[in-house]
Amino acid sequence: MEEKSPIIRVTQVTLKSSDLEKLSAFYQEHIGLKEYRVNDTKVELSADGIHPLLILNKVDNAISPAPDATGLYHIALLLPSRAALADQLIHFQQIGTQLQGASDHYVSEAVYLTDPEGNGIEIYSDRADAAPEVMGTDRLQIQDLLSEATGESWKGLPAATIMGHVHLKANDLKRTAAFYQQILGFDLMMELEGSAAFLSTGHYHHHIGLNSWESAGGSPPPENCVGLKHITLELPQQEARHLLIEKLNQYNISFLESSGSLLIHDPSGNGIRVVVSENGASG
């Protein structure tokens, strides 16, 4: 299948934190992100020193989300190569990072863990020759992966690391998936028995994952809850932004405009910040 246009990407995830210093240290020491900008209420973390991938905002009087709350299931950092994933896994082993899983998804290989405030993390590399339609889950062949390691000392995430996708918790899977398709223009790539959906643009295996495994019928967490504040989606040009605003008005979906971005929520209450690519910001 030919690649479709426009391509909408997840470029950043913004989290609310009860302890900026502790959470930032985890993402630097264990994950390998680097401080980009820091103040008393916000830490921006980057792989390349130019583009923040993860933003941590301090929340006062923070509470934990309810077990069935919507929000973040995991962020997913995409490494540029299988060798980089092998190096990352060796780093985890060397410093004793606790992993929650390791999977071969046919289209990608991934390891999973959780940060100190309960936010899920996937770190993965894609298989360039795999068709998106064959996505599944099998046990990761760890020794085979480790054979790809470079043998070089670990220096953090490679500069080419990006936010490959984000996986969100939905309280109404069908309605939420329809929002990403009808309003934002994503294609449904795969659905699992009404409990999970994977959506993308450009025929990628998924940029957005949705599931209702724990959150079916649940509610969005309150503002002072740790966890997801919003994801950032990047549109390719201003024309796509104009079309999005038309759709939001057509379906009576409320939004805010702030500093050139649009702030909206999906039907499960997950925050979305929409921006235009710097390359397409004029016009």
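## The open sheet

Helices (H or I, at least four residues) and strands (E, at least two) are runs assigned by DSSP and numbered from the N terminus, and two strands are said to pair if DSSP finds at least two bridges between them. This is a predicted model, in which local features need pLDDT of at least 70 and side-chain atom pairs count only at pLDDT 80 or more, while totals for chains, interfaces and linings use all residues. Residues are numbered from 1 along each chain as its sequence is written, and side-chain values use heavy atoms, with hydrogens and water left out.

Eight strands form an open sheet with mixed pairing, and their order is β2-β3-β4-β1-β14-β17-β16-β15. Its edge strands, each pairing on one side only, are β2 (34-38) and β15 (256-258). Within the sheet, strand β1 (residues 9-17) runs antiparallel to strand β14 (residues 227-235), and seven bridges join the two; L15 has L228 as its bridge partner in β14.

## A helix packed on the sheet

Helix α5 (residues 238-250) packs on the sheet, where it touches β14, β15, β16 (261-265) and β17 (271-276), contact meaning heavy atoms within 4.5 Å. The buried residues of α5 are Q238, A240, R241, L244, I245 and L248, where buried means under 20% relative accessible area, exposed means over 50%, and partly exposed lies in between (1.4 Å probe, protein chains only). Seen down the axis of α5, these buried residues fall within an arc of 150 degrees, so they line one face of the helix; the arc is that of the directions from the helix axis to the C-beta atoms.

What covers the buried residues of α5 includes β14, β15, β16 and β17, whereas E246 and Q250, on the other side of α5, are exposed. Just after α5, N252 takes a positive phi of about 55 degrees.

## The nonpolar cores

A nonpolar core is a set of buried Ala, Val, Leu, Ile, Met, Phe, Trp, Tyr and Cys residues joined through side-chain atoms within 4.5 Å. The largest such core has 59 residues, of which Y27, I31, Y180 and I208 touch the most other members. Apart from it lies another core, of six residues, among them L78, A110, Y112 and Y124.

N57 lies in strand β4 (residues 52-58) and is buried, with a relative accessible area of 17%. Leaving aside its neighbours within four places in sequence, N57 has contacts that include T14, L15, K16 and K229.

Definitions and conventions: Axes fitted to C-alpha atoms, helices over the stretch in contact; angles between N-to-C directions.
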